[in-house]
Amino acid sequence: MVGNGRQDKQFGTGRMACSHAQDDTGTLTFGLLDEEGVAYVEIERGRRYAFFTDSSICIGCKACEVACKEWNGVPDDGFVFRATSYDNTGHLGSDTWRHVAFIEQDGRWLMSSDVCKHCTHAACLDVCPTGALFRTEFDTVVVQPDICNGCGYCVPACPFGVIERRESDGRAWKCTMCYDRLRGGMEPACAKACPTDSIQFGPLDELRERAQARLDRLHADGVEEARLYGESPDDGVGGTGAFFLLLDDPEVYGLPPDPVVTTRDLPQMWRWAGGAALTLVGAAMASFLRRR
Amino acid sequence: MAECHPVGFQWVMEARLRGVKVFHIDPRFSRTSAAVDRYLPIRAGSDIVLLGALINYVLSNELYFREYVLAYTNAATLVSERFRDTEDLDGLFSGFDPGTRRYDTGSWAYEGDEDARTDEMREGSGVHAEAAGSDSYGARGAGASARPPTDPTLRHPRCVFQILKRHFARYTPEMVQELCGISPEEFAELAEAITANSGRERTTAWVYSVGWTQHSVGVQYIRAASILQLLLGNIGRPGGGILALRGHASIQGSTDIPTLFNLLPGYIAMPHAHRHDDLADYLRREGGDTGYWGNRRAYLVSLLKAWWGDAATEDNDFCFDYLPRLTGDHGHYTTVMGQIDGTVKGYFVVGENPAVGSSNGKAQRLGLANLDWLVVRDLTVVETASFWKDAPELETGELRTQDIATEVFFLPAASHVEKEGTFTNTQRLLQWREKALEPPGECRSDLWFYYHLGKLIRQRLGDDEVDRPAKELTWDYPEHGEIREPSAEAVLREINGTGPDGRALSSYQELRPDGSTTCGCWIYCGVYADEVNQAARRRPGSAQSWVAPEWGWAWPANRRTLYNRASADPEGRPWSERKAYVWWDAEKGEWTGHDVPDFDKHKAPGYEPPEGARAEGALAGTDPFIMQSDGKGWLYVPSGLADGPLPTHYEPHESPVLNTLYGRQANPARRLYDRPENPYNPPGSAQFPYVFTTSRVTEHHTAGGMSRTLPYLSELQPAPFCEVSPRLAAEVGLVNGGWATIVTSRAAAEMRVLVTDRVRPLRVQGQLIEQVVIPYHWGYGGGGVVTGDVANDLLAIVLDPNVYIQESKAGTCAVLPGRRPRGRALLDLIEEYRHG
Ligand code: SF4
Ligand code: SF4
């Protein structure tokens, strides 16, 4: 047999390349250029960007899961037949940053693609002692793998159970909203791959308007059960940078009904816990360093 | 569609956002069912009952588009006195020979046409059916009279319209309930929706995929849909049509420029050794002289000139003798039987994995093991290449590696991003793609492989007469790059063809029968018009009309909707403003509109053909179906099909249900392979009480060669599984997430269990029929990240008689809890079920 060379080859994403450009003002543009060479979306630093995931038009193709892994080099999550409808990755975690839930109901099959919420008040970021987690110029929450020391504080802090430490390297991983793509003027890989535009990417304020319009339309069409999740700035995390249109209660999709930033009471806690906590952090870091 | 064509399904979702109502009719509740307005579960293999009942509903409630039907279909045409319908013969048409199980189709002809052709020449009959001749009528109108007698009042008892009415009268909503498991209320909702949404102002589209084709009556499924759409006026008009979703990228391309044994490029029939002695003989016997196939000499001679260049002359019949000849059925399954019998010694398998993807995998592997040599070209070492070391027959002792003498050559192939060329999609749209990467290692494109193989072979040829066809081939494409890749654009230009001046032609209407033009595939003529690769055009939809004629190139002549003359009324005016598409501009004396008119540009609506006219000249200004010899949409097929002029419900070869419509249980003309390697489950057997249907899931690609090797896809669906209803799970003792063993007379395969309410038992003939849904992507090895038993091993080989496609969408099986036995015990289990 002739050698193949393909078995060990790293495949690229295979997605159509975007045209992108950066002008003098630091404005990044992305998207397909139209005839006049004008892009239809711009990505500006200092503006808040978000995902609106409209589960009412999700077809469960999992292109988002795969595109995310391809772009970000996320490892596979094991090969387990879970017998939970068509979901065999289970939940968000260090090795699954987009996760499509399948919920079988009487005569209905709900599908929704979950992701890190990029919270307004992000507990993961609040508790991160190293500064590995930070808020970007696009108002997203990103963990920097070269700074993360694997203390794992962020893991229980996240009210959504999103961020997780990876077994193989001990560090915390989660969705970055494709920070590198945004900086390069391209929309995140999942939104780019989604064939039905169930995942929409854009400025948060615009997406909120679009979501409201979609909700109104569905209600007018008699889809009473449609509701938005995470879009309200008044919720327990100050609104999310990744919000959803759902067709049932959040619990049905594995989402907490009333998420509260776990560090809400932190200022008070600090006052009475004082240095004890600091000692604990020191101990955790020391033990991590020893392991290395 | 959402399951297998998620990218295309975005347009269905968009249509829904605009208020289109979408039905999904499928035995299986899939991702598509979840995303539509109405899902109707149906028993696998019963679709002609449903479609027949819709036809009956349209006819008996007078809901057909009368003007369209009268002007554009053969509804008024009179059929021979000798014709007998299934109504008269209890499920048989006239002309059936029980000995050969074939039809003599003479009596199906139009009145006056019965004796125009002898049996041996008649399309559909005898020798013709033996070599899948019917398949070549995909586009090629079978021979029939251009001006048969008609009754425009549609009252004559032998006119097609009346025959249709009688034939479908027994297809009632009650029958739909009894055989399909669809309630009269559900049927009424569907029937009302499609009829309310058809006519002057509106159109309805039907979309199907292999769920319709992979049956022993597959061709007649599509025929039934054609009748319905013609009656409702939904062909040749925007938003109408019957849209086939192909199973793989560029499958449309691989029938246009075929990898099929019975066709030459452009649906020209492959010559037969005993029917076609020379070119004149071939042209006389293949196809009709009226309609566009009347120009078939120009198409074929131009093809021969493209292939043999200067060597092809008038004096040597343009090298017609160089073409290979058929001697019978050289289809996939007959070839495999030939391997087992030792008459087929060598085998090229290119981009396919028949050891996993074809029916009766064991027969496939027994065939592979009995070859002298095997060439497999694929992205990875698929099971078809690795069978000698990991086939399941090794474990049962049916094969031993040391006894397998097959010499296997695995040649790694370049993927679609590693080569340039075109994809032709189901809309007949050719889209050019660039090469993004050099192929790694020794991976090469198919074009590279065949071109350089051809060069090597030609170097070794001598002066022997038999070598001349290969020696004289035009085989001189420019090569480029380090690996000497032949120019795909040069091939595309050869396919397009050139005129006497050597310049690229712009339309098939320029092709000449005298050898002054060349063309590698007449329907693709124009793809390189003006010396420009028209398939590479990418003007965005936002920058052109809604028909988007400047995105890629559609055959023929860049027409986006076929037979679009039918979008205008007989006088050439749009049926309605809303559905205007092409129309007659009387002032300019030409057809015009949003699309390229599929009609002679200057043929006025009032044109009447003179006596003795040929080709397109024989069709009137009101005949939109220009490939048919009479220019009409055929509600009734007088010639060309092997199993009947009208769709008729027959049960699948393996079915737990009795055909209560006729005394005939299964398609009398179906192709059987009654051999030890291919045992059938006995009809009505209590041993095999459940229906199973094979399917695909989004996460994998066909036989898995492109997906099981990739961790990101494999983790999403890591194991073979079956979907069963909670009722069946309880009956058999299956546990969600546990194991089941599915048994047929061919094989026993183990798989994981998904118990789901999405699978519903259907009440058919008073009893509940359970259907098991089995995705077929997994195999025993092939370098897969995930492996498992081969679902297609369960299937029997039984074929549609027109196109020889296997019945893989409906079979019967037994279901056992737990994993299957290993080794000999596995064979014992199958034996026990087969004879028990
Ligand atoms: S969802 Fe969790 S991980 Fe994501 S930003 Fe909010 S707290 Fe952090
Ligand atoms: S890519 Fe889009 S449609 Fe597909 S699963 Fe993800 S969100 Fe749903």
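Reader: In what order do the 4 strands of the open sheet in chain A lie, and what is the pairing?

Author: Please bear in mind that this is a predicted model. In chain A the order is β11-β4-β13-β12, and the pairing is mixed. The edges are held by β11 (199-203) and β12 (227-229), each of which has a single partner strand, so one side of each lacks a neighbour in the sheet. From one strand to the next, the twist averages 20 degrees.

Reader: How many bridges join β12(A) to β13(A), and in which direction do these strands run?

Author: The two run antiparallel and are joined by 3 bridges, with β13(A) spanning residues 242-246. Within β13(A), Leu245(A) is the bridge partner of Leu228(A).

Reader: Which helix packs on the sheet?

Author: Helix α6 of chain A, residues 204-220, packs there and touches β4 (49-54), β11, β12 and β13 of chain A. The direction of α6(A) makes about 135 degrees with that of β11(A).

Reader: How is the packing of two helices described?

Author: The angle between the axes and the distance between them describe a packed pair. In chain B, α15 (residues 332-341) and α17 (residues 361-368) pack at about 50 degrees, with axes 7 Å apart. The helices α15(B) and α17(B) are therefore oblique to each other, and their crossing is left-handed.

Reader: Which residues of α15(B) and α17(B) meet?

Author: From α15(B), His332(B), Tyr333(B), Val336(B), Gln339(B) and Ile340(B) meet Ala363(B), Gln364(B), Leu366(B), Gly367(B) and Leu368(B) of α17(B). By class, this contact has 6 nonpolar, 4 polar and no charged residues.

Conventions
Residues numbered from 1 in each chain as written. Chains lettered and ligands numbered in written order. Predicted model: local features only at pLDDT ≥ 70, side-chain atom pairs only at ≥ 80, totals over all residues. Heavy atoms only, no water. Axes fitted to C-alpha atoms, helices over the stretch in contact; angles between N-to-C directions. Parallel < 35°, antiparallel > 145°, perpendicular 65-115°, else oblique. Left-handed = near helix turned anticlockwise from the far one by under 90°. Contact = heavy atoms within 4.5 Å. Nonpolar A, V, L, I, M, F, W, Y, C, P; charged D, E, K, R; others polar. Pairing = 2+ DSSP bridges.
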